[in-house]
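Work through the exercises below with the sequence and the model in view. Try each task before reading its solution.

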Amino acid sequence: MARGLLLSCGVIFAAILSAGPGAAEVPIPRLSPKSGLAHASLTTPAAPLSMGPTLPVSYAIRREVGVDVSVAVAEFYAERDYAPVWGEGRGDALRARLADAAGDGLDPADYVVPRATSGVFSEALEDVALTEAALRYANHAYSGHLKPRSVSPIMTIEPPRLNEARFLRRIARAKNIDHVLESVHPQHAQYQGLRDKLREILATKVERPPVVGAGGNLKRGVKEPRVAVLRARLGATVMRGTDPTEFDEILEDAVKAYQVGRGLRPDGIVGPRTIALIDEGAGEESTAALISNMERWRWMPRDLGDHHVFVNVPKYEVTVMNGGETVYTGRVIVGAPGHPTPIFSDEIEHIVVNPYWNVPYSIASKEMLSGIRANPSGYFARRGYEVVSNGKVVSPSSLNWNNDTLRRVRIRQRPGNANALGSVKFLFPNEHAVYLHDTPTKHLFSRDSRAFSHGCVRVDQPFAFADALLSEETDLSGKSLSRMVGGSQRWLNLKVHIPVHLAYFTREVTPDGRLKRYGDIYGYDARTQRALGL
């Protein structure tokens, strides 16, 4: 209805124009905002001919919004009877803020609006173009440029959506334009900290020490240029007549001492985690990495939940927050690069003690079928597996094992010490069939890099994690769960569902303002940067 009204008004206005000599100017249709500098000039002046009294700007705006604007902008102007928005210096204030968009990790060229030349049509086009630029900026700041699934199909997080009508009303009546534009950015502390770091880098050029940089592991006996940088960074002595690019015993001792000081396993091997810590604050930080992490923060829910679980996959860490305080932090094992952990938000609804592990078809077909076919009964008996067909447990030797069989039956591992899920799992029903769980392979938690699972998140201390998770449950706690271990499966429903966020951030700002880096284990930073044209 509103669109039809706009088009009717456009037809009426066209009739007015055709009734007499040409107006003082003829507007050029606006180009797509994607063109950056949307157009070189707003209008093409025609010969100045007189047609009586000057038309009100509102008539020209009515024409503009009937041509090529979003529904939100058209309805916004119709609601205010096509009155202009950006007079009395307000347009200059908007332009000034949009010109600083680089400090927000956005491209100022996306929001440039050339100034009007003369006449009501030019003023109307400028007013509408400024409104569109403000809305474009707000959407980018609020929800990001990209769709998460364009980076990876298993990034199924849904970015929050801006209430465009509310934003336009707010900015139209705002005395402080900057305040309204600032409010559309995520207010999460990490987003704000990353933006501060980005602005700091853009404003200053600080001389930093050289970085060791990515590459293969450095250890005793290796000889390459990065070893000399490592030696300089750790202050390891170079004996007279020795090659500084060769990793010797002196450097190995220096590496072990550094690893002890940073809470790493002192093995003397400089792998990705040790290099990331040594290179913190060294070299010129990639603004592209900061911007790609800010983009992913824009995809996060604006309200993470007063009590929530947060898993940062590249950090291999799970955190439980309650009332703004960190009440639990622990190590996790996440999906290997070939089986990445999905990125999304959900709610923990159930806990299962003494769980069965239902083996996914993908694992059974790729990793188990050949062993089963060689000796079905022995394979199942040694691993504590059983096969369920038509709702009943049957003998594995009674089946003809092939891929069709795997699709018809269910293989599960009985509860017990060897069960792949350990003693407990924490469920948040989702399309990926992933969850948080215990594991019998505790030794892997001592590794600095912990991407070993098939996609689920393994928790190092599941009952301590449960204590923090269940603080609002009257009948459940980590201790009560631990007393249930052993015996048959126990399925427990939570009275209060707890938000859980599986996230992917390779940059983090510490409370004291230091920037920490984590490895881009799935390549999502690189993909995000390419998609953003960084």
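**Exercise 1. Find how S4 and S5 pair, and name what lies in the turn between them.**

Step 1. Strands are DSSP runs (E, at least two residues), helices are DSSP runs (H or I, at least four residues), and both are numbered from the N terminus. Two strands pair if DSSP finds at least two bridges between them. S4 and S5 are joined by 6 bridges and run in the antiparallel sense.

Step 2. S4 and S5 form a hairpin with 2 residues between them. In that turn Gly-323 has a positive phi of about 60°.

The model is predicted: local features need pLDDT of at least 70, side-chain atom pairs count only at pLDDT 80 or more, and totals for chains, interfaces and linings use all residues. Residues are numbered from 1 along each chain as its sequence is written, and side-chain values use heavy atoms, with hydrogens and water left out.

**Exercise 2. Which strands pair with S6?**

Step 1. S6 (residues 344-353) pairs with S15 (residues 490-503) over 9 bridges, in the antiparallel sense. Val-353 stands opposite Arg-490 in S15.

Step 2. S6 also pairs with S11 (residues 424-427), again antiparallel, through 4 bridges. Here Val-352 has Lys-425 in S11 as its bridge partner.

Step 3. In a regular strand the side chains alternate between the two faces of the sheet.

**Exercise 3. Describe the pair of rings formed by Tyr-328 and Phe-465.**

Step 1. A pair of aromatic rings is described by the distance of the centres and the angle of the planes. Rings of Phe, Tyr and Trp (its six-membered ring) pair if their centres lie within 6.5 Å; planes under 30 degrees apart count as stacked, over 60 as edge-to-face and the rest as tilted. By this rule there are 16 aromatic pairs.

Step 2. The ring centres of Tyr-328 and Phe-465 are 5.8 Å apart and the planes stand at 65°, so the pair is edge-to-face.

Step 3. Tyr-328 belongs to S5 and Phe-465 to helix H17 (residues 462-469), so the pair links distant parts of the chain, 137 residues apart.

Step 4. Buried means under 20% relative accessible area, exposed over 50%, and partly exposed in between (1.4 Å probe, protein chains only). Tyr-328 is buried at 8%, and Phe-465 is buried at 0%.

**Exercise 4. Describe the lining of the largest pocket.**

Step 1. On a 1 Å grid over the protein atoms alone, a pocket is an open set of points with protein on both sides within 12 Å along at least five of seven lines, and a lining residue has an atom within 4 Å of a point.

Step 2. The lining has 45 residues, and Pro-272, Arg-273, Thr-274, Ala-276 and Ser-449 lie nearest the centre of the pocket.

Step 3. Helix H12 (272-278) gives the most to this lining, with 6 residues. S5 (325-335) is among the strands that supply at least two residues.

Step 4. Ala, Val, Leu, Ile, Met, Phe, Trp, Tyr, Cys and Pro count as nonpolar, Asp, Glu, Lys and Arg as charged, and the others, Gly among them, as polar. The lining divides into 16 nonpolar, 12 polar and 17 charged residues.

Terms used
On a 1 Å grid over the protein atoms alone, a cavity is a set of points where a 1.4 Å probe fits but cannot get out, and a pocket is an open set with protein on both sides within 12 Å along at least five of seven lines; lining residues have an atom within 4 Å of a point.
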